[in-house]
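Let us walk through a protein model together, one step at a time.

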Amino acid sequence: MRDDSPSRTAAFVAAARQLGALLPPSAQLVEDPYGAAFASPVFSRLLERRQDSLRPFALIPGLSTWILYMQVRTRVIDDALRAWIEGGGRQVVLLGAGYDCRALRMPELASAEVFEVDHPATQARKKSILTRMGARSPSHYVTWDFEQRPMEDLPDVLAEAGLDVKRPTFTIWEGVTMYLTDAAIDASLRAIRAWSAPGSQLAMTYFAKSRITRPSFVTRAMKAVVGAVGEPWKFGWTPDELPAYLEEREFRLVRDIAMADAAYELLPTEMARHVASPDRRFALAAAPESIAVVS
Ligand SMILES: C[S@@+](CC[C@H](N)C(=O)[O-])C[C@H]1O[C@@H](n2cnc3c(N)ncnc32)[C@H](O)[C@@H]1O
């Protein structure tokens, strides 16, 4: 990421989330009335006022795939988080939060403390746009650059911000792992484990390594775009190596699914077939009781 500029990819995904409102009702999996404002206030107002006339745009090939993919990606995480909250969980960390507005849009989080960690430039822009919209997020904000500041310091900084590291935490790492180096991934997982008391969970999205090393024609075009805005894709796991990688960092893999398969679970078939992404994946991991917390 560039030091002084807010994340552009965070704005792309936030806008795509709100564009889900243009899909047919059976394909709307997430309601996010905030996302478009992070791409452009004009676009956001247009979307609010002209929703019906804009509906055909959501069916444009390519754009529809992107919007549907974002609905599935965010919904699988929302569902895992809801299940964990129903089980009594009360602390959530959004790592690389970007313009994720779960703290505002999910009523289930009213009883939870939400901590948002992100790059200073992105977080500052988020706060300023939410203030302009008159939205008062209950989140606790922490700024961090995952590549520049030692990740082993982050658990203490989160504790100073109010996170109780002796109580379980649900950490969300959505759309972030692909932008980090191998070293930052390793350091981040060890840091997450350090604030994950038994009963904690980690929900993340990741790229299968093949998406980085052998991209298709369309993926090469997307890779060029994210590279051009200063946020190149760098990292992936092969699904086979993920369980052992997590175990070495004292996490147990609970679920690992391709977004393409999650799409068939969540969307009508004729919509799901557009999310043909075997190499974009969701994983849920648990911090088991039996393993001591790493420091
Ligand atoms: C594609 S966005 C995803 C944002 C959000 N999680 C979502 O799904 O809406 C990637 C996020 O990772 C953050 N990020 C990437 N590299 C980072 C770094 N080195 N330090 C801190 N944040 C970083 C960006 O600021 C951005 O918010």
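A residue is called buried if it has under 20% relative accessible area, exposed if it has over 50%, and partly exposed in between, using a 1.4 Å probe and protein chains only. Helices (H or I, at least four residues) and strands (E, at least two) are DSSP runs, numbered from the N terminus. With those words ready, look at strand β7: seven of its seven residues are buried, so this strand is mostly covered, by the meaning of buried. R280, F282, L284 and A286 point one way from β7, while R281, A283 and A285 point the other way.

Before going further, a word on what you are seeing. The model is predicted, so local features need pLDDT of at least 70 and side-chain atom pairs count only at pLDDT 80 or more, while totals for chains, interfaces and linings use all residues. Residues are numbered from 1 along each chain as its sequence is written, and side-chain values use heavy atoms, with hydrogens and water left out.

Now step back to the whole chain. Its secondary structure comes to 13 helices and seven strands. The C-alpha atoms fill a box of roughly 55 × 45 × 40 Å, taken along the principal axes. Contact means heavy atoms within 4.5 Å. Among the contacts in the chain with a separation of 6 or more, 76% are between residues 24 or more positions apart.

Next, find the sheet. Strands of a sheet pair through backbone hydrogen bonds, either parallel or antiparallel. Two strands count as paired if DSSP finds at least two bridges between them. Here, seven strands form an open sheet in the order β3-β2-β1-β4-β5-β7-β6, with mixed pairing. Which strands are the edge strands? They are β3 (140-143) and β6 (252-258), each of which pairs on one side only. From one strand to the next, the twist averages 15 degrees.

You can follow the pairing yourself. Strand β2 (residues 113-118) is parallel to β3, with four bridges between them, and E116 has Y141 in β3 as its bridge partner. Toward β7 you will find antiparallel pairing: β5 and β7 share seven bridges, and A203 is partnered with L284 in β7. The strands β6 and β7 are also antiparallel, over six bridges, with A258 opposite R281 in β7. Helix α12 (residues 259-266) lies across β5 (201-207), β6 and β7 (280-286), and runs at about 80 degrees to β6. For that angle, axes are lines fitted to C-alpha atoms, for helices over the stretch in contact, and angles run from 0 to 180 degrees between N-to-C directions.

Helix α1 (residues 8-19) has twelve residues and reaches 17 Å from its first C-alpha to its last, close to the 16 Å expected at 1.5 Å a residue. The expected span is 1.5 Å times one less than the number of residues. Ten of the twelve residues of α1 are buried, including T9, V13, R17 and L19. These buried residues pack against α2 (41-49), α4 (63-86), α6 (120-133) and α10 (217-228).

Helix α8 (residues 182-194) has 13 residues and should span 18 Å; its end C-alpha atoms are 19 Å apart, which agrees. Its buried residues include A184, I185, L189 and I192. They pack against β1 (91-95), α7 (154-160), β4 (170-173), β5 and α11.

Finally, zoom in on two single residues. E250 is in the loop between α11 (242-248) and β6. Its phi is near 65 degrees, a positive value in a residue other than glycine. Is E250 buried or partly exposed? E250 counts as partly exposed because its relative accessibility is 22%. T219, in helix α10, counts as buried because its relative accessibility is 5%. Leaving aside neighbours within four places in sequence, T219 is in contact with R211 and W233. The C-alpha atoms of T219 and E248 are separated by 31 Å, with the two residues 29 apart along the chain.
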